[in-house]
Amino acid sequence: MVLSPVRPGVDAIDAALDVLADRPLVALTGAGLSTDSGIPDYRGPSSPPRKPMTYTEFVSGPAAQRRYWARSHVGWARMARALPNRGHRALASLEAAEVLRGVITQNVDGLHRAAGSDAVIDLHGRIADVVCLGCRRISARDELQQRLSELNPGFIEAAGAQVETAPDGDAVLTEVANFRLAECTGCGGVLKPDVVFFGENVPRDRVAQAFALVDSLADDDGALLVAGSSLTVLSGLRFVRHAHRLGVPVVIVNRGTTRGDDLAAALVDAGCSETLAALANTVA
């Protein structure tokens, strides 16, 4: 079923409810969902320009790795304290009510699971996990944080409380030359957050799982709910395009325009927390 996008003058939330009513749902979420948890957005209307580290840059050598981990060490101390907001809890309640089949998230903050969602595809990985580029051993970010604190006593305090932090936990620092890196405790290899960097491919199995979830909507007259994503990068936009090709209606909740607006059956230009809470109260 393909519907005409909402036009100015029509109540956007009511139009979104009309599309979502009595349908199984899949949610595709982005950084805008976590802003009310204190994690800034990459591309929101008021977001400053950001230039995340690329995979090629990270593997170029110790200088880039030192810069990444120094900034992440400060950012993680704040990001680890973030709690799920009303938007995360609303999606968890929709899953509990067996309305929402699953979440495909571009976020790495782990807040969907913290809110109680179980059917989550972490498309870009989780910042709470660390992988060794040598032996591929996965370890906990909390464990690494402790080791980095021991190697760099007082570094977080010296950075100050007002340092800006990006959605991936990257704090904006300039003085990182003396930061000491931690190696893999198993093989001595280079440690990397177990997330997909820019220039790195999303694992094929995750992509296949996400496409299968969207495919299931076509079989059962479902809808795709996009929350907090500008759909700027293809990793999220491809699922909106796929849903549209299948005739699955798409509802987009996001502050500002997105690359998928012309494919949407309903557009809600508003914050995710209040909008998803309202949707959950009506749909669930």
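Strand 6 is mostly covered, with four of its five residues buried (buried means under 20% relative accessible area, exposed over 50%, partly exposed in between, with a 1.4 Å probe and protein chains only). This is a predicted model, where local features need pLDDT of at least 70 and side-chain atom pairs count only at pLDDT 80 or more, while totals for chains, interfaces and linings use all residues. Residues are numbered from 1 along each chain as its sequence is written, and side-chain values use heavy atoms, with hydrogens and water left out.

**The chain as a whole**

- The protein chain comes to 10 helices and nine strands; these are DSSP runs numbered from the N terminus, with helices being H or I of at least four residues and strands being E of at least two.
- Of the 284 residues in the protein chain, 54% are buried.
- Take the contacts in the protein chain with a separation of 6 or more: 74% of them come from residues 24 or more positions apart (contact means heavy atoms within 4.5 Å).

**The sheet around strand 6**

- Three strands make an open sheet in the order 5-4-6, and the pairing is antiparallel (two strands pair if DSSP finds at least two bridges between them).
- At the edges sit strand 5 (138-140) and strand 6 (191-195), each pairing on one side only.
- From one strand to the next, the twist averages 45°.
- Strand 4 (residues 125-132) pairs with strand 5 in the antiparallel sense over three bridges, and Asp129 stands opposite Ala140 in strand 5.
- Strand 4 also pairs with strand 6 in the antiparallel sense, here over four bridges, and Val131 stands opposite Lys192 in strand 6.
- Helix 3 lies across strand 4 and strand 6, running at about 140° to strand 4 (axes are lines fitted to C-alpha atoms, for helices over the stretch in contact, and angles run from 0 to 180 degrees between N-to-C directions).

**Helix 3 against helix 6**

- Two packed helices are described by the angle between their axes and the distance between the axes.
- For helix 3 (residues 62-79) and helix 6 (residues 141-151), the axes come within 11 Å and cross at roughly 115°.
- That makes helix 3 roughly perpendicular to helix 6 (angles under 35 degrees count as roughly parallel, over 145 as roughly antiparallel, 65 to 115 as roughly perpendicular and the rest as oblique).
- The crossing of helix 3 and helix 6 is left-handed, a label used if the near helix is turned anticlockwise from the far one by less than a right angle, with right-handed used if clockwise.
- On the helix 3 side, Trp69, Ser72, His73, Trp76 and Ala77 meet Arg141, Asp142, Leu144, Gln145, Leu148 and Ser149 in helix 6.
- The residues of this helix 3 and helix 6 contact divide into five nonpolar, four polar and two charged (Ala, Val, Leu, Ile, Met, Phe, Trp, Tyr, Cys and Pro count as nonpolar, Asp, Glu, Lys and Arg as charged, and the others, Gly among them, as polar).
- His73, in helix 3, counts as buried at 1% relative accessibility.
- Not counting residues up to four places away in sequence, His73 touches Arg141, Gln145, Leu148, Ser149, Phe155, Ile156 and Phe179.

**Helix 4 against helix 10**

- The axes of helix 4 (residues 86-96) and helix 10 (residues 272-283) come within 7 Å and cross at roughly 20°.
- Helix 4 and helix 10 are therefore roughly parallel to each other, and their crossing is left-handed.
- Arg86, Gly87, Ala90, Leu91, Ser93 and Leu94 in helix 4 meet a set in helix 10 made up of Cys272, Ser273, Glu274, Leu276, Ala277, Ala280 and Val283.
- Sorted by type, the residues of the helix 4 and helix 10 contact come out as eight nonpolar, three polar and two charged.

**Two loop residues**

- Glu200 sits in the loop between strand 6 and helix 8 (204-219), and is partly exposed with a relative accessible area of 26%.
- Leaving out residues up to four places away in sequence, Glu200 touches Tyr55, Lys192 and Val195.
- Glu200 and Thr54 are 146 residues apart along the chain, and their C-alpha atoms are separated by 7.8 Å.
- Gln106 is in the loop between strand 2 (100-105) and helix 5 (111-115), and counts as buried at 11% relative accessibility.
- Setting aside neighbours within four places in sequence, Gln106 is in contact with Leu28, Thr29, Gly30, Leu123, His124, Ser229, Val233, Ser235 and Gly236.
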